[in-house]
Amino acid sequence: MDIFPSKNKATVLTEAEALELFAFLLSSARTQIDDPALYASMRLLTAAEKLREFIRDRVSPETEALLSNTDELTTRAHIYMSDLEAYTADLDELCRMTAQFFIDQSDLKDGGS
Amino acid sequence: MSAEFLQIIKSRRVIRDMTDQPVEPEKIERILDAGRWSPAAGNKRTIRFVVVQDPLSLQMVRVFSPGMFQKPQAVILLCIDWDVVVENQFAEGDKSPYIDLGAVMQTMMLAAHAQGLGSGPATSFSKEALRVILNLPANLTPEVEVCIGYAAPKDANQLPMLSKKRVTWQDLTHWERFES
């Protein structure tokens, strides 16, 4: 079952952007073997930010609003990495915000299928 | 030591947000010259500098460098030359080349800062990918990327990460013998 039936056919990533993300994730997988454990979280956050910047101009207005709403929090999360409690709280808020978007954009909002 | 030089040391920051303003070639050369004057174990020069300024090459290097947050106008890749290490009979496991790396890195970053440039090191990158992208010879291993560029205004005087308490030299120092 598709979570977002109306968005399924939208192409929001170019081949070049996909390749850049692919290379970033592969390189992160390798460097993380040597890097501090907390960096793994930061790399994933950076990957999410890259994805956001790549797709921003080609998504629906609703998705663009979600992406814009995450701007400040992701930036702050990087700054507060040295404060694990604040960093965790920011990531939790980002997850909540995104989950709420999923609900708002799906049939679940109206009681589910 | 002049007060000005001390101030250069104390005001340098790792810059993670750089503008697209090109860096003057003579400034890069001064940074490289400063790196050459760094202390080196046994006065053997085990570190090689690979300068990357071509925009396409820079972009490729960046793609395979998860630790590179900035978009630099130049990257000076510091490599250990293992031919020199072997020729000079460094013992296996000798960390001297890595100490030299740190000295070169810091000297270059200070030279960049003294010329009004920002800099930032990165070690999280795929060595094998960079070997391919830059066609590095087998005797060189890429160890540290020194990113160079002009700091974006908001980043010019900021620490990239907040610290709850500023560390002082006293925090890091112990005088004389430790008590038993």
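**Salt bridges and a pocket**

Guide: To start with one side chain, B:K27 is buried at a relative accessible area of 16%, where buried means under 20% relative accessible area, exposed over 50% and partly exposed in between (1.4 Å probe, protein chains only). This is a predicted model, in which local features need pLDDT of at least 70 and side-chain atom pairs count only at pLDDT 80 or more, while totals for chains, interfaces and linings use all residues. Residues are numbered from 1 along each chain as its sequence is written, chains are lettered from A and ligands numbered from 1 in the order in which they are written, and side-chain values use heavy atoms, with hydrogens and water left out.

Visitor: With which residue does B:K27 form a salt bridge?
Guide: A salt bridge here is a side-chain nitrogen of Lys or Arg within 4 Å of a carboxyl oxygen of Asp or Glu. For B:K27 the closest N and O atoms are 3.9 Å apart.

Visitor: Which residue meets B:K127 in a salt bridge?
Guide: B:K127 is partly exposed, at 36% relative accessibility, and lies in helix α6 (residues 127-133) of chain B. Helices (H or I, at least four residues) and strands (E, at least two) are DSSP runs, numbered from the N terminus. The partner sits 16 residues apart, in strand β4 (residues 140-149) of chain B, and is buried at 10%. With N to O at 3.0 Å, it is B:E143.

Visitor: Why are A:R52 and A:E49 about one helical turn apart?
Guide: Their side chains meet in a salt bridge of 3.9 Å, N to O, and both residues are buried. They are separated by about one helical turn because they are three residues apart in helix α2 (residues 37-55) of chain A.

Visitor: Which residues are linked with A:R52 and A:E49 in a network of salt bridges?
Guide: Over all chains, the count comes to 16 salt bridges. Some of these residues form a network, in which A:R52 and A:E49 are linked with A:E53, A:R56, A:E64 and A:D71.

Visitor: Which element gives the most to the lining of the second largest pocket?
Guide: Helices α1 (15-31), α2, α3 (61-79) and α4 (84-104) of chain A each give two or more residues to that lining. With nine residues, the one giving the most is α2(A).
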